[in-house]
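Here is a walk through one chain, from a single residue out to the overall fold. Keep the viewer open and follow along.

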Amino acid sequence: WDDFVGPLPQDEPRYALVDIPYQDQEGFDKSKLVFVHWSPDGRTTVRQRLLYASLKYAMKSVLVGIMKEVQANDMEDLALEGIQKKLRG
C-alpha cells in the first residue's frame with residue numbers, strides 16, 4: 001500500500017484502480033478492486049479539479065470490476081485501515 005500512496009503527487013489529482021486485501025466480518029481473507037480518486041485539498045487548481053471530476057465517470061465506465069470507490073483529499077483519506085473497514089461494511 002505504501003508503494004501506491006508514497007509516489008502520489010501532492011499538487012495534482014490522480015485516478016487509480018487498486019486491488020486491496022482485507023478480512024471480511026467472518027475473518028476470511030478477501031480483496032476488492034477499489035477506484036481511488038486522489039485530489040489533494042488546497043493544492044490543485046480549479047481547472048485540474050474540474051477536468052478530473054468530469055473525466056471520472058468516463059474512466060469508471062471503461063474499468064470493469066470496480067467494487068468500491070474512494071475519494072481521497074488528504075493522506076488520512078488513504079489510511080489503509082480505514083479503507084479496509086469500509087470494505088467490510
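## Starting at Val 34

Val 34 sits in strand 2; helices (H or I, at least four residues) and strands (E, at least two) are DSSP runs, numbered from the N terminus. This is a predicted model, where local features need pLDDT of at least 70 and side-chain atom pairs count only at pLDDT 80 or more, while totals for chains, interfaces and linings use all residues. Residues are numbered from 1 along each chain as its sequence is written, and side-chain values use heavy atoms, with hydrogens and water left out.

Is Val 34 buried or exposed? Val 34 counts as buried because its relative accessible area is 0%. On this scale, buried means under 20% relative accessible area, exposed over 50%, and partly exposed in between (1.4 Å probe, protein chains only). Setting aside residues up to four places away in sequence, Val 34 touches Ala 16, Leu 17, Val 18, Ile 20, Lys 68, Val 70 and Leu 87; contact means heavy atoms within 4.5 Å. For a sense of distance, the C-alpha atoms of Val 34 and Asp 74 are separated by 17 Å, with the two residues 40 apart along the chain.

Strand 1 (residues 14-23) pairs with strand 2 (residues 29-38) in the antiparallel sense, over 10 bridges. Two strands pair if DSSP finds at least two bridges between them. Along the pairing, Ile 20 stands opposite Lys 32 in strand 2.

His 37 is another strand 2 residue. With a relative accessible area of 5%, His 37 is buried. Beyond its neighbours within four places in sequence, His 37 is in contact with Arg 14, Tyr 15, Tyr 52, Lys 56, Val 70, Gln 71 and Ala 72.

## The nonpolar core

Which residues touch the most other members of the largest nonpolar core? Of its 14 residues, Ile 20, Val 34, Val 36, Leu 78 and Leu 87 do. Strand 1, strand 2, strand 3 (68-72) and helix 3 (80-88) each supply at least two residues of this core, and strand 1 gives the largest share, with four. A nonpolar core here is a set of buried Ala, Val, Leu, Ile, Met, Phe, Trp, Tyr and Cys residues joined through side-chain atoms within 4.5 Å.

Take Val 36: not counting residues up to four places away in sequence, Val 36 touches Phe 4, Arg 14, Tyr 15, Ala 16, Val 18, Val 70 and Leu 78.

## Salt bridges

How many salt bridges are there? The count comes to four, with a salt bridge being a side-chain nitrogen of Lys or Arg within 4 Å of a carboxyl oxygen of Asp or Glu. One of them joins the side chains of Asp 24 and Lys 30 (3.5 Å, N to O). Asp 24 is buried at 12% relative accessibility, whereas Lys 30 is partly exposed at 41%.

Another salt bridge runs from Lys 56 to Glu 69, with the closest N and O atoms 2.8 Å apart. That pair links distant parts of the chain, since Lys 56 is in helix 2 and Glu 69 in strand 3, 13 residues apart. Lys 56 is buried, at 10% relative accessible area, while Glu 69 is partly exposed at 29%. Glu 69 also meets Lys 60 in a salt bridge (2.4 Å, N to O), and Lys 60 is partly exposed at 23%. Shared partners join Lys 56, Lys 60 and Glu 69 into one salt-bridge network.

Leu 51, Leu 55 and Met 59 make a nonpolar surface patch of about 240 Å². Patches are made of residues with over 30% relative accessible area and no salt bridge: like charges are joined within 9 Å, nonpolar side chains (Val, Leu, Ile, Met, Phe, Trp, Tyr) within 5 Å. Leu 55 lies in helix 2 (residues 46-62) and counts as partly exposed because its relative accessibility is 41%.

## The whole chain

Zooming out, the chain has three helices and three strands, in the order α-β-β-α-β-α along the sequence. Its C-alpha atoms fill a box of roughly 45 × 25 × 20 Å, taken along the principal axes. Buried residues make up 27% of the 89 in the chain.

The accessible surface comes to about 5,800 Å², and 52% of it belongs to carbon and sulfur atoms. Accessible areas come from the Shrake-Rupley method with a 1.4 Å probe; for residues, only the protein chains shown count as cover. Among contacts between residues at least 6 apart in sequence, 62% join residues at least 24 apart.
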